[in-house]
Amino acid sequence: MTVRLGPWSVRLAPRSLLVCAALLAVGCGVGVAAVATGEFTVSVPDILDALFGRGTPVAELIVNRLRAPRVVTGLLVGAAFGAGGAIFQSLTKNPLGSPDFIGFTAGASTGGIVAVVAGGSAMTIAGGALAGCVVTAVLVYALAFRRGVQGYRLVLVGIGANTLLLAVNNYLLTRANINDAATAGAWLTGSLSGRGWDHAIPVAVALAVLLPVCAAVARPMRMIEMGDDAAKAMGVRVEAVRAAAITAGVLLTGVATAAAGPVVFVALAAPQIARRLTRSPGVTMGASALMGAVLLTASDLVAQRLLAPTQLPVGVVTAAVGGTYLALLLRKDRH
């Protein structure tokens with residue numbers, strides 16, 4: 001379906017729009033459930049009153065300072081991981097072409113561990129994670145570049161970098177004192193515990209800047225999936241599009257990791273689940289971002305409630321739930 005807007009035309013897929021609307025509704029519902037439930041239950045009208053400054057002091061404390069920032073951070077971080085994963089899976093034409101496998105998440109982890117060992121604050125750890133992700137991406141891109149960057153070379157170099165960085169991370173943990181090692185270990189699992197508006201705002205800004213870039217490169221990236229020669233024949237500036245997409249994907253992954261730690265599996269699973277829901281021949285940016293937001297927020301809700309009052313790190317749940325669900329989807333595709 002094509003919609004004309006003056007001199008421009010936009011091609012819309014009805015099923016994708018329906019899936020995106022459903023994911024948006026599910027994400028909002030999970031967010032409301034996460035804010036409303038817990039040790040102290042808050043009704044939906046009380047949540048609205050607290051958000052608009054008309055609630056009781058207790059409701060405003062629970063909603064505005066404890067639960068809502070955590071939920072919003074989870075939604076934004078999940079969207080960033082989902083969009084970043086979609087970019088790299090499209091570029092590499094490989095479902096394993098995820099930041100979790102091609103070294104970028106491991107590089108962010110290295111930067112975060114270095115900041116922890118150096119005695120840095122939470123802001124320093126976040127900055128170290130972002131810097132580690134960017135430096136790793138530059139090195140991987142440079143090593144994979146040979147008259148352009150092909151998807152299989154990016155995956156192979158990234159897997160090698162990922163293995164090396166995991167070894168570096170383990171070495172840093174063995175050399176750290178026990179307190180720093182415990183702090184770094186908790187951060188490496190990935191968690192939304194204690195997240196506030198100061199964590200959510202940078203991710204929101206990054207999404208506001210980078211999602212339009214993702215939307216701009218989405219169509220030429222679909223052409224690149226058919227092969228570089230075919231894309232060039234259709235007038236696509238392949239390397240420029242690829243460089244812009246990698247930059248956006250790296251920054252999305254780095255900012256998300258800085259906010260919540262290296263939460264595993266979201267960037268890998270969200271695009272694949274979204275592709276199956278939309279029945280798209282390739283990964284879709286919007287649906288992947290929304291699927292990532294739903295997956296991470298729902299996992300965090302499970303992490304908080306499953307063994308209450310004990311709370312699990314959200315990374316444990318994303319690995320368990322997401323891995324099982326993706327395995328079932330892949331098994332279904334074989335029949």
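Accessible areas here come from the Shrake-Rupley method with a 1.4 Å probe, and for residues only the protein chains shown count as cover. With that noted, I looked up the surface: the protein chain exposes about 16200 Å², and carbon and sulfur atoms supply 68% of it.

**Ground rules.** I'm working from a predicted model, where local features need pLDDT of at least 70, side-chain atom pairs count only at pLDDT 80 or more, and totals for chains, interfaces and linings use all residues. Residues are numbered from 1 along each chain as its sequence is written, and side-chain values use heavy atoms, with hydrogens and water left out.

**Overall build.** I found 13 helices and 2 strands in the protein chain; helices (H or I, at least four residues) and strands (E, at least two) are DSSP runs, numbered from the N terminus. Next I checked the radius of gyration, which is taken over C-alpha atoms, with the globule rule being 2.2 Å times the number of residues to the power 0.38. A compact globule of 335 residues would come out near 20 Å, and the protein chain has 20 Å, so the two agree. Along the principal axes, the C-alpha atoms fill a box of roughly 65 × 55 × 40 Å.

How much of the chain is buried? Buried residues make up 49% of the 335, where buried means under 20% relative accessible area, exposed over 50% and partly exposed in between (1.4 Å probe, protein chains only). I also looked at contacts, meaning heavy atoms within 4.5 Å. Of the contacts with a separation of 6 or more, 73% are between residues 24 or more positions apart.

**Charges.** I noted 25 positive and 13 negative charges in the protein chain, and their mean positions are 11 Å apart. Lys and Arg count as positive and Asp and Glu as negative, while His and the chain ends are not counted. The place of a charge is NZ of Lys, CZ of Arg, CG of Asp or CD of Glu.

**Aromatic pairs.** My search of the whole structure gave 2 aromatic pairs. One of them is Tyr141 with Phe145, a tilted pair at 5.9 Å centre to centre and 40° between the planes. For the terms: rings of Phe, Tyr and Trp (its six-membered ring) pair if their centres lie within 6.5 Å, and planes under 30 degrees apart count as stacked, over 60 as edge-to-face and the rest as tilted. Tyr141 is partly exposed at 22% relative accessible area, and Phe145 is partly exposed too, at 41%.

I located Phe265 in the loop between α10 (238-260) and α11 (266-278). Is Phe265 buried or exposed? Phe265 counts as buried, at 14% relative accessibility.

Arg279 isn't a glycine either, and has a positive phi of about 55°. Arg279 is in the loop between α11 and α12 (285-305), and is exposed at 64% relative accessible area.

**Two threonines.** Thr124 lies in helix α5 (residues 122-144) and is partly exposed at 41%. From Thr124 to Val114 I get 10 residues in sequence and 9.8 Å in space, C-alpha to C-alpha.

Thr253 lies in helix α10 and counts as buried, at 0% relative accessibility. Which residues does Thr253 contact, leaving aside neighbours within four places in sequence? I listed Phe81, Gly84, Phe88, Pro99, Thr105 and Cys133. Ala186 is 67 residues from Thr253 in sequence and 19 Å away in space, C-alpha to C-alpha.
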